[in-house]
Every structure is written in structure tokens, then in C-alpha cells.
Amino acid sequence: MAPALTQGRALELAAEQLRQRPWQALALEPAIPIDALPSPALLLDAAAFERNLLRMADFLGARGKGFRPHAKTHKCPLIAHRQLALGAAGVCTAKVSEALVMINAGIDRVLVTSPVVTPDKVALLHALAADASQLDVVVDSDLGLELLRSGASPDAPVGVLVDVDVAMGRTGTRDVDRILRLAEGAADTPGLRFRGVQHYAGQVMHVEGYERRRDKSLALWERVAELVEQLSRHGFAPEVVTGGGTGTFDIDCDVDCITDLQVGSYIFMDEEYLRIGGSGSRRFDAFEVSLQVALTAISQPRDGAITVDGGYKAFASDSVEPVPLDLPSVRFRFAGDEHGVLILEPGAQEPLLGSRQRFVVPHCDPTVNLYDYYWVCEDGLATSVWPIAARGCSW
């Protein structure tokens, strides 16, 4: 079998598996106490989660900006539906597989924020467009555009955003001629529609100190605004200028050319974000911690330390460790894949063996990807289960 056909068949098999995944909520009657959940358990505090959702929607709405939340954070169609209900312009997905899960669950406005340059994934994008009211994808290369053009159909149009890179150096293009060429090619192709520009500066999201973060982000957006102006002068005025994130939500909202922000972590919060500081505060406290992991104290091999049943398979961390919520004078230390050790200060309260302990996660996005579902909790009780239907969707 030819390589292209083999590749397409493999993707079809993978896609069919994703379509069969459950995504609806499962109500728990009666509710289950957190202490009775099997650990490690991924908890979602329903009240704090809802307040975070409303806070972002209200904040941006009052400033005339939209929001296009990134579903790579939660990978859960139920959460995406709630975000759309609060007025989101759509949701973002990092990969085509995430888009498939969202569209399969009735999320009909999706932007794929990573370039797609293989025929099998482009073919799947065109197929998904038939089930979405608006499916968009970014492009940053002639190859990516050519593949999109080859399968485009006016019956299921795909929106195209040019991915603009200013400084990050991950995806996107800085070449002005290419930006114009990609916009023109999308605009001139039946079945494609030039929609606008994406710019994401991930390197700015976790800059510590509000003023430093503000200066860096606004300087980058000034350069993007110049590119947007050039597009407009050539007859390709962007309908959408999207980007930014949780770390700069209260900074980028002042940028005139931006139409909507790709915020993600605001719904959960994590320790990496909490440490960057906010406007007038040492901690980034604009949103509440709603996502937690519950572990069980299982051993005490020596004085001053308690072992819990979660390590690298329970938390994903780029730079920091989980932070105990119930024991403020205790420090978590990774002790391998399956375990962590709580280091106790002299005189600190010792958790009892068998007790549940809750933790702020280091980095929410990849931690969520370690679990099959959220235990949605109210007043210390798990009241429902929400599947993380796009878990592992990395293609």
C-alpha cells in the first residue's frame, strides 16, 4: 500500500476511536465524599470554576473584547459548551484530534491553532468542516496552504488565519511577503476563506512581574498591529485577530487590533501561573484555584516525612512542585512516578495515614491530560463525573 494511503488509513482508525469516546456528564446519586474517591483523583471545584468562567467573560465583555478559550487546557466538551454559552467566539484546539472530539460533541466553532501540513490531517479537517458552523485553521507555509486548497469545497468552507510569529520562534511566519501571499491565496480559493491573523507569545505568559509582562506583551503586539495594517492596505483586512492568553488577559485587552483572546488556564489556575504576580499583587490572584489533585497518605518511612500515592503520573510539572492545600507548612517533593513525599517542618501537623490531601497542580494543561475524568465537587462531595474526552489527543 502506498505511504499516503497507509497514513490515511491509520488516521481513519484513530479518528473512529475518538468518535466513540463518551463525553456526557455522569451524575452521582448519592454524591460521594472526596475522602471516598480512589486516589489520585482530579477534582474540579464547581463553584470556583463557575466564578472563574463568569469573571473572564464579564471582564473582556466590558472591554469590548471576545474570548476564544483554548480547549487544550481542559480537553472536555462539557466545559467547552459552558464557555460557548457564556459568549465565547468559539474554542481553540491545539491539534486536529482535539478538534474532532469537540466537533463530535456539538462544539461547532473551532480554531486549530497549530499548522497542519500532512494530507491525511488536511482531509480530516475538510471532513470536519461539514459538521461545524465555523472551522478555522492557521497556516504559516506555502505547503500548508496548498494542501488546504487541494481539498477545499464550497459546500464545507474552512477559514484560514495566518499564524504570525514575532519573537517566539515556534510556529508562524515573520515574512511579510509570505503573510500577504497566504492571505491572498486563501481569499482566492473557493472553499477557503481568509479570516485573519493569529499571534501567540507563549514566552510572555509566565514572565514574573506585571509591569515587565505588560511591557513585553505590548511591544510584540505593536509589531503585529503593523502587519495587520499592511494586510488591510492590500485589501485583506482581518476579521479576526486572535492570540494572547491567561497571563496577559488584563494587558492584551487594551490592544486595539485584537478581536479575541485565547485564554485557557483561567478556568483552573495552577502554581506556575500563581507565581507570576498580578496587577498590584504578589500572586496572580485574578482567578481562583478550582483544579486540585487529591492524594492519600500511605506511608511514613521516617520522621518528618509522609509519602503520598502520587508522583509524576499524577502531576505534570515544567518547573515547580505541587503545593499542599490542606497543610500550608508542608512541602511536596517528587519521589518517582507513583509517589510524592511531604516534607514536614518541625512542629507541623502530620497527616494521618489513609487521609486525603489536596494539592494545587504545577501545570494544569498536561496534568489534566493524565486523567480520564474530573470529579466535579460541591461542598466536599463529588456530585458528577465529566469525561476528559480529548485526553491523549496529541496528533
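**Exercise 1. What volume does the second largest cavity have, and which residues line it?**

Before we start, keep in mind that this is a predicted model.

*Solution.* Begin with the search of the whole structure, which finds two cavities of 30 Å³ or more. The second largest cavity has a volume of about 30 Å³. Its lining is made up of Leu18, Arg21, Trp23, Val101, Asn104, Ala105 and Ala389. Sorted by class, the lining of the second largest cavity holds five nonpolar, one polar and one charged residues.

Now turn to the largest cavity, which holds about 50 Å³ of space. Its lining residues include His199, Tyr200, Trp221 and Asp252. Two elements, H8 and helix H9 (210–233), each give two or more residues to this lining, and H9 gives the most, with three. By class, the largest cavity is lined by six nonpolar, three polar and one charged residues.

**Exercise 2. Describe the largest pocket by its volume, its centre and its lining.**

*Solution.* First, the volume of the largest pocket is about 840 Å³. Next, look towards the centre: of the 39 lining residues, the closest to it are His70, Lys72, Arg170, Tyr200 and Asp365. Then ask which elements give two or more residues to the lining: they are helix H8 (202–205), helix H11 (271–274) and helix H12 (364–368). H8 gives the most, with three residues. Finally, sort the lining of the largest pocket by class, and you find nine nonpolar, 19 polar and 11 charged residues.

**Exercise 3. Is Thr367 buried or exposed, and what does its side chain reach?**

*Solution.* Start by placing the residue: Thr367 lies in helix H12. Its relative accessibility is 0%, so Thr367 counts as buried. Its side chain reaches the backbone nitrogen of Ala316 at 3.0 Å. Leaving out residues up to four places away in sequence, Thr367 touches Leu42, Val293, Ala314, Phe315, Ala316 and Val361.

**Exercise 4. Locate two cis peptide bonds and two residues other than glycine with positive phi.**

*Solution.* Take the cis bonds to begin with. One joins Glu29 and Pro30, with omega about 5 degrees, and Pro30 sits in strand E1 (residues 26–33). Another runs from Ser39 to Pro40, with omega near 0 degrees; Pro40 belongs to the loop between E1 and strand E2 (41–45).

Now for phi. Lys75 has a positive phi near 55 degrees and is found in the loop between strand E3 (66–67) and helix H3 (77–85). Asp379 also has a phi near 55 degrees, and its loop joins strand E17 (373–378) and strand E18 (381–387).

As a last step, compare their surroundings. Lys75 has a relative accessible area of 6%, so it is buried, whereas Asp379, at 81% relative accessibility, counts as exposed.

Terms used: Residues are numbered from 1 along each chain as its sequence is written. This is a predicted model: local features need pLDDT of at least 70, side-chain atom pairs count only at pLDDT 80 or more; totals for chains, interfaces and linings use all residues. Side-chain values use heavy atoms; hydrogens and water are left out. On a 1 Å grid over the protein atoms alone, a cavity is a set of points where a 1.4 Å probe fits but cannot get out, and a pocket is an open set with protein on both sides within 12 Å along at least five of seven lines; lining residues have an atom within 4 Å of a point. Grid points are joined across faces, edges and corners, and a volume is the space filled by probe spheres set on the points. Helices (H or I, at least four residues) and strands (E, at least two) are DSSP runs, numbered from the N terminus. Ala, Val, Leu, Ile, Met, Phe, Trp, Tyr, Cys and Pro count as nonpolar, Asp, Glu, Lys and Arg as charged, and the others, Gly among them, as polar. Buried means under 20% relative accessible area, exposed over 50%, partly exposed in between (1.4 Å probe, protein chains only). A polar contact is a pair of N or O atoms within 3.5 Å; within protein, one must be able to donate a hydrogen and the other to accept it, and residues adjacent in sequence count only if both atoms are side-chain atoms. Contact means heavy atoms within 4.5 Å.
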